[in-house]
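User: I would like to know what stands behind the terms used for this model. Please set each value against its definition.
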Amino acid sequence: MHKLTRWFILAAAPLLALAAEPPAPTPEPTRIVVECEDMQGVAQDKFGPGPGWQVGRWGQDLYQNMTFGGVWASRLRVAMTDAGDNPAEMAAEIDVPVAGAYKVWVKYECPPFFNYAFGVKIGPADGKGPPVFEKGYGLRESPKHFSFNNKPVKGDLYWNWGIDHDAAEGYEARLAKGRYRITVSKSKSPAPGGARSLDAILITSDLSDLSSPRSPRYPLLDELRRANHVYFRFQSRRRSAAHRHGLEPLEPPV
Ligand SMILES: [Ca+2]
């Protein structure tokens, strides 16, 4: 082989190797998920809306069960409370792995023409220090990401084929690395107010205007899937006496 050709091959080889490498994957955002039905303060033995926070069961308690067949609820459960403004809180502790700007999304049922006011507060888990995030959610005029929309919508959203009222509302927060306590409380709804039905909270470093920017058809659900928080629900095959006598419907198979 000619000396010059051999020199060219040797010199070009590293460049060819570089060119063949696949592009670096886009880094995934940090996603912190809290399922509302799992928060401390949710009465696990009470169902539907009550004065405190209780469990809402997919297929039985949610607004959407009463209006049409399409219902999207992460883990088939929500946290519910009635339309009142008595003090009632639920809380969870979270770890923020990296300091930065985050968006605090809450997905909840939002049928038109009502307010569903609640507050979200994030503060140090040890209680030493003021909240770093405090915001009111659930008002009609607040922009939200509704199903079948690819941009935030203010006001009420009504479908003539049924009331689809899945919505996510989110606000930015600046969080340092550390452990926090996130608290959700009932707050006074301007009239008319409706019972609250909260599915999940996502704290994400993706600051998009949409809660599920890679698949905006349904609020938040695609991001919850990408967060990949493994979930199992076990069901006993033994029927309780209430089931045998038809006093309590069986839950759908999962
Ligand atoms: Ca849920």
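User: Which residues is Arg 140 in contact with, leaving aside its neighbours within four places in sequence?
Analyst: Arg 140 is in contact with Asn 115, Gly 155 and Asp 156. Contact means that the C-beta atoms of two residues, placed from the backbone, lie within 7 Å. This is a predicted model, in which local features need pLDDT of at least 70 and side-chain atom pairs count only at pLDDT 80 or more, while totals for chains, interfaces and linings use all residues. Residues are numbered from 1 along each chain as its sequence is written.

User: Why is Arg 140 called partly exposed?
Analyst: A residue is buried if 20 or more other C-beta atoms lie within 10 Å of its own, exposed if 12 or fewer, and partly exposed in between. Arg 140 has 18 C-beta neighbours inside 10 Å, so Arg 140 counts as partly exposed. Its place is in the loop between β8 and β9; strands are DSSP runs of E, at least two residues, numbered from the N terminus.

User: What makes β6 mostly covered?
Analyst: In β6 (residues 100–109), 7 of 10 residues are buried.

User: How do you know that β6 pairs with β12?
Analyst: Two strands pair if DSSP finds at least two bridges between them. β6 and β12 (residues 196–204) have 6 bridges and run antiparallel, with Val 104 opposite Ile 203 in β12. β6 is also joined to β10 (residues 166–175) by 10 bridges, again antiparallel.

User: Why are β5 and β8 said to stand at the edges?
Analyst: The open sheet of 4 strands has the order β5-β11-β7-β8. β5 and β8 each have a single partner strand, so one side of each is left without a neighbour in the sheet.
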